[in-house]
Amino acid sequence: VEKVVWTMLSRDLKYLLVVSANGEKLMYYSFTIPLLKPRISELNLVALKFAFISCLIKYINVALKGMSEAWEDALLLMDAKMADYAVNLPDGTTLADELLMLLASGKARDELKEFLINELTEKL
């Protein structure tokens, strides 16, 4: 099975040059393509759109990575604060129990309310 290693269009858009590999053997092909030259303006437009979309995808990937890292930092900070709160809970009580009670009934111990309002939330 041949694998394409390299391709290039000639400057005048008349030839497509291809190098392929089949194991240790390299093959060079030159194809005449008279249909591209009359459509150079359309090809330039497609190339510009492709470049724009490629840059946009790279930008979005960088932005998503930054957002993911920011969320990770925020979650680690929240986890550390919750771990500190859990250490001070009465014996036999876990943070999971308290949060489940808050979720199920809408009621929480005063200490948990104080923690959620003053410690866990960010002040502006």
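Trainee: Which residues in helix 1 meet helix 2?
Mentor: Met82, Tyr85 and Ala86 in helix 1 meet Leu95, Glu98 and Leu99 in helix 2, where contact means heavy atoms within 4.5 Å and helices are DSSP runs (H or I, at least four residues) numbered from the N terminus.

Trainee: How do the residues of that contact divide?
Mentor: Into 5 nonpolar, no polar and 1 charged. Note that this is a predicted model: local features need pLDDT of at least 70, side-chain atom pairs count only at pLDDT 80 or more, and totals for chains, interfaces and linings use all residues. Residues are numbered from 1 along each chain, and side-chain values use heavy atoms, without hydrogens and water.

Trainee: At what angle do helix 1 and helix 2 pack?
Mentor: About 105 degrees, with the axes 10 Å apart; angles run from 0 to 180 degrees between N-to-C directions. Helix 1 and helix 2 are therefore roughly perpendicular to each other (65 to 115 degrees).

Trainee: Which residues does helix 2 span?
Mentor: Residues 95-105. Helix 1 covers residues 40-87.

Trainee: New topic. Where is Ile53 found?
Mentor: Ile53 sits in helix 1.

Trainee: Is Ile53 buried, exposed or partly exposed?
Mentor: Ile53 has a relative accessible area of 46%, so it is partly exposed; buried means under 20%, exposed over 50%, and partly exposed in between, with a 1.4 Å probe and protein chains only.

Trainee: What separates the C-alpha atoms of Ile53 and Ser30?
Mentor: A distance of 30 Å, with the two residues 23 apart along the chain.

Terms used: Helix = DSSP H or I, 4+ residues; strand = E, 2+ residues; numbered from the N terminus. Parallel < 35°, antiparallel > 145°, perpendicular 65-115°, else oblique. Nonpolar A, V, L, I, M, F, W, Y, C, P; charged D, E, K, R; others polar.
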